[in-house]
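Please look over the sequence and the model shown here before reading on.

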Amino acid sequence: MEKNRIMTLEQRNRALGMLEAGMDVTHVARNIGVSHCTISRLWTKFNAAGSLKDRPCTGRPRKITANEDCYITLTSRRIRFASSQKITDQFYTTPRTIVK
């Protein structure tokens, strides 16, 4: 049986239901198709946090806004053979209006 890499929220809830019903960790893991340590960590996480949802990840913050991204995309499509340096220069020198 192939092991899943990531459990969906539905699978997590199903595993939690089985654990609360009294099934053994190993049997739950075999039923869902993940390792027993994954189910153990899931159970520990639920007992500590009371939730099965993933924690929010920070990631890298965006440097430009969605409007600026749209402007750059449209400009690169209008001027197809322009270099990225030319588009960047035009971006910072041209007055822009907010598009909604």
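## The buried residues of helix α2

Which are the buried residues of helix α2 (residues 25-32)? They are Val28, Ala29 and Ile32, where buried means under 20% relative accessible area, exposed over 50%, and partly exposed in between (1.4 Å probe, protein chains only). Seen down the axis of α2, these residues fall within an arc of 100°, so they line one face of the helix; the arc is that of the directions from the helix axis to the C-beta atoms. The buried residues of α2 pack against α1 and α3 (36-49), contact meaning heavy atoms within 4.5 Å.

## Basis of the model

This is a predicted model, in which local features need pLDDT of at least 70 and side-chain atom pairs count only at pLDDT 80 or more, while totals for chains, interfaces and linings use all residues. Residues are numbered from 1 along each chain as its sequence is written, and side-chain values use heavy atoms, with hydrogens and water left out. Helices (H or I, at least four residues) are DSSP runs, numbered from the N terminus.

Helix α3 has 14 residues and reaches 20 Å from its first C-alpha to its last, close to the 20 Å expected at 1.5 Å a residue, the expected span being 1.5 Å times one less than the number of residues.

## Arg12 in helix α1

Arg12 lies in helix α1 (residues 9-20) and is buried, with a relative accessible area of 11%. Its side chain reaches the backbone oxygen of Leu52 at 2.9 Å. Leaving aside neighbours within four places in sequence, Arg12 is in contact with Met7, Leu42, Leu52, Lys53 and Asp54.

Key:
Helix = DSSP H or I, 4+ residues; strand = E, 2+ residues; numbered from the N terminus. Polar contact = N/O pair within 3.5 Å; in protein donor to acceptor, adjacent residues only side chain to side chain.
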